[in-house]
Amino acid sequence: MATLKNTTINDTGFFTVPTGTTAQRPASPVEGMIRYNTTNKNYEGYQDGAWVNITVSTASIVSTNRVLYYDFGNIVCYPGSGTTIYDLSGNGNNGTMGSGTSYSANNSGIVTLSGSGSGITTSYKIPGSARSHSYWVYFTTLSHASGYQLSGTQESGAYTYIGIQNGGAMYYYMGSSTGGSIATSLVSNTWYNLCQTMSSSGAVTLYVNGTSVYTTSASVGNTATANFYVGNINGNHNITGNMGMILLYTAELTAAQVLQNYNAVKSRYGY
């Protein structure tokens, strides 16, 4: 095979890059390789010892009122090394990966969480006003020593978190004091998009994979003084599994917007 150097393609057509599944990646990759991954449905390149996603389409993700946006497959969010997660929303709400937290190129870029001690710490404070949180999460076990696996902020009068209690029942809190388990159970080793929204009047809706599963009303609560966490709350109730795209808004997303965000990236997570 000929090796091309400093080549200009002056045409309006196309050229085809190598195509294959994740399992068909080169056995001995080198820096600068580029290919199309048919498993993850994205173009990827080999950089700093790992395959990184280089083309995630985010045009369809709701951007209005977005205040925190983590996409671990975007090299601007996570460059492939270190412990800093960079906020793509433009608001500077960066995060720090804790012990037991690592990057994986699976699903076009995710973080893996090993339970106690793992997660991402931020300095973001959830406001006492309308808000929406969306998480892609994959539980590898349905039990934890603390009884729960959660993500968000836990603070009296300023709750916003969601996840599961032991056994897989969805568990949440929002506002000043409203929450608990609901009659929707999740299973292990499956990707889910969990979204919780709250209006300025306290209307709460929970969604799984773009579909509403629970509604109630609550007091909006106060602006939090405790930090927002990905993969745990206040350093406790750590998730064991994986987490993908994280989106936070200072507004109540409509049902159509929640579904829009889900549809925009669902193929990355097997849907």
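1. Of the 271 residues in the chain, 50% are buried, where buried means under 20% relative accessible area, exposed means over 50%, and partly exposed lies in between (1.4 Å probe, protein chains only). The model is predicted, so local features need pLDDT of at least 70 and side-chain atom pairs count only at pLDDT 80 or more, while totals for chains, interfaces and linings use all residues. Residues are numbered from 1 along each chain as its sequence is written, and side-chain values use heavy atoms, with hydrogens and water left out.

2. Along the principal axes, the C-alpha atoms fill a box of roughly 65 × 40 × 30 Å.

3. Contacts in the chain are counted as heavy atoms within 4.5 Å. Among those between residues at least 6 apart in sequence, 56% join residues at least 24 apart.

4. Which residues of helix α1 are buried? In α1, which spans residues 255-265, they are Val258, Asn261, Tyr262 and Val265. Seen down the axis of α1, these buried residues fall within an arc of 100°, so they line one face of the helix; the arc is that of the directions from the helix axis to the C-beta atoms. An α-helix has 3.6 residues a turn, so residues three or four places apart point the same way. The strands against which the buried residues of α1 pack are β11 (131-139), β16 (191-198), β17 (203-208) and β20 (240-249).

5. Asn261 belongs to helix α1 and is buried, at 5% relative accessibility. The side chain of Asn261 reaches the backbone nitrogen of Val62 at 2.9 Å. This is a polar contact, meaning a pair of N or O atoms within 3.5 Å; within protein, one must be able to donate a hydrogen and the other to accept it, and residues adjacent in sequence count only if both atoms are side-chain atoms. Leaving aside neighbours within four places in sequence, Asn261 is in contact with Ser60, Ile61, Val62, Leu247, Tyr249 and Leu253. Gly157 is 104 residues from Asn261 along the chain, and the C-alpha atoms of the two are separated by 29 Å.

6. Strand β11 is largely enclosed by the rest of the structure, because nine of its nine residues are buried. Arg131, His133, Tyr135, Val137 and Phe139 point one way from β11, while Ser132, Ser134, Trp136 and Tyr138 point the other way.

7. Which strands pair with β11? Two strands pair if DSSP finds at least two bridges between them. β11 pairs with β16 in the antiparallel sense over eight bridges, and seven bridges join β11 to β20, also antiparallel. Ser134 has Cys195 as its bridge partner in β16 and stands opposite Leu247 in β20.

8. Gln196 is in strand β16 and is buried, at 0% relative accessibility. A polar atom of the Gln196 side chain lies 3.2 Å from the backbone oxygen of Tyr161. Leaving aside neighbours within four places in sequence, the residues in contact with Gln196 include Arg131, Ser132, His133, Tyr135, Tyr161, Tyr172 and Leu206.

9. Cys77 is buried, at 0% relative accessibility, and Cys195 is buried, with a relative accessible area of 1%.

10. Asn209, in the loop between β17 and β18 (211-217), has a positive phi near 50° and is buried at 16% relative accessibility. Asn234, in the loop between β19 (229-230) and β20, has a positive phi near 55° and is partly exposed at 34% relative accessibility.

Notes
Helix = DSSP H or I, 4+ residues; strand = E, 2+ residues; numbered from the N terminus.
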